[in-house]
Amino acid sequence: MDRYDMLLSPAGVDQLREALTAARYTSSGIAERLGSRATSGLARNDFRAALRATMDRDPLATLIRLFVCGQTEPEAAVRAALAPLPLAEALAGGLVEPYGDGLRQGVDLEPYGDNWWVLSDVPASARPGRPLPPDHVLGIGGASTTLLGATIRRPVATALDLGTGSGVQALHLTEHARSVTATDISDRALRFAATTAALNGYRWELLKGDLVAPVAGRRFDLVVSNPPFVVGPGTATHSYRDSGRVGDGIAAELAAAAPDLLTEGGTMQYLANWLHVAGEDWGERVAGWFTGTGLDAWVVQREVAEPMAYVDLWLTDAGEAPDPDRIAAWLDWFDAHKVEAIGFGLISLRRGGHDDPVVRVEDLRQQVQPPMGEQIAAWFDRQDWLRARDEDRLLATRFRAADGLRLRQEAAMGDEGWVVDRQVLVMSHGLRWSEEVDPLVLALVGGANGQVPLRDQLAVLALAHDVPAEDLAEAAGPIVAHLVERGILVPVAD
């Protein structure tokens, strides 16, 4: 691996690991020490119970007060908690820093499960009134957690984390990739990532550069990225947030780069924001990014924000004081480009080697069954299954309705009683799709018990509805394919 300087020396990293392990500074160790009430309070940034439970300042108590509750602690207590790491090295590496009559955290040292620790900069919430510096390195946040849950976790030989930051995505890649490469444009981020990797006993190839530049000419089985996706006029003030690209150019740029990054069968997944422009269909606009790439693409929009709320969100995120001129310039850019809203979501791409790549862009705002990565992998599997079936093979397949499928009906009172005017199939698990269906499709799904081929099902329905069986079979093909893609109809293996 290209060695990047760490926050601590290699020996210091080993000593820090020893200290954290001995103290049981892990998620379960903290929960056991604090109890359920204090632990739940931490999630709400309510530290009162945790501080009462850690008054004795043994090593674990000191580490909790220092790195979880953000307290200033006596130098002697910090020295004892970090031993055998010399306090002088902890200070030189910025792990802790003098403050008032004691020491406080200089970085965020977060226990991540029972096996890992993640090092990053202290979040804005822990330093009220102090804006984040331009090279601030994020820890584990909402966006990174979203990507973690959405990543397909099948074993691969090579994996790439574009814009690794503190190395959160790379940690998870290590569990199912034989080798991990991580890049970032920020020297500071790479120092944090190098320290995170070493602290957890891993070796990653760490490369500096903008987006795909450090890995030009190389291919990977899996690429993930939580890039600086914030959209706007291209002003770059914070490397974790701003790419310097105008509009949503970074998302389109990653789409264009994907074909040359992926091995055959390889997958790329990244978070993105995109513009909703007046007079344009946002889905068609985003779908255009994948024209000519030869990649299967599935884009899901999880959230939509209006411009004012979007600007407020990102200025607050960086701890920036309200700046009327900055806000006005950002909003004026949105107005000049007819931006009505900004979408947030996930882009999943696959190099499947097909002449007819599938591109889907759609809203997916409902809660889904975690982990979403399994749902995305299954979606690509269903695309492969459908590609391998011509009309005859589809008609010869036996289907069953998905487990937990529910029917919701809406009815209006008419002259002769209730009249059903809307019927919706709802999946109670997986991606939890809702699909409005007509009576014929409802009968098709209702009769799908895995016992008879689709051709026989359609013959019965054709007879019942007095339509030619050939016409019904022709019309049913795209409908059945859509229901299979959604996971509502499940093929039964022979």
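Modeller: A residue is buried at under 20% relative accessible area, exposed at over 50% and partly exposed in between (1.4 Å probe, protein chains only). This is a predicted model, in which local features need pLDDT of at least 70 and side-chain atom pairs pLDDT 80 or more, while totals for chains, interfaces and linings use all residues. Residues are numbered from 1 along each chain as its sequence is written, and side-chain values use heavy atoms, without hydrogens and water.

Colleague: What percentage of the residues of the protein chain count as buried?

Modeller: Of the 494 residues, 48% do. The C-alpha trace of the protein chain spans about 90 × 50 × 50 Å along its principal axes.

Colleague: How many helices and strands does the protein chain have?

Modeller: The protein chain has 19 helices and 18 strands, taken as DSSP runs numbered from the N terminus (helices H or I, at least four residues; strands E, at least two).

Colleague: What share of the contacts with a separation of 6 or more joins residues 24 or more positions apart?

Modeller: A contact means heavy atoms within 4.5 Å. In the protein chain, that share is 68%.

Colleague: Which residues are closest to the centre of the second largest pocket?

Modeller: A pocket is an open set of points on a 1 Å grid over the protein atoms alone, where a 1.4 Å probe fits, with protein on both sides within 12 Å along at least five of seven lines; lining residues have an atom within 4 Å of a point. The second largest pocket has a volume of about 240 Å³, the space filled by probe spheres set on points joined across faces, edges and corners. Of its 18 lining residues, the closest to the centre are Ala 378, Arg 382, Met 427, Gly 487 and Val 490. Helix 15 (372-387), helix 19 (469-486) and strand 18 (489-491) each give two or more residues to the lining; the largest share, five residues, comes from helix 15.
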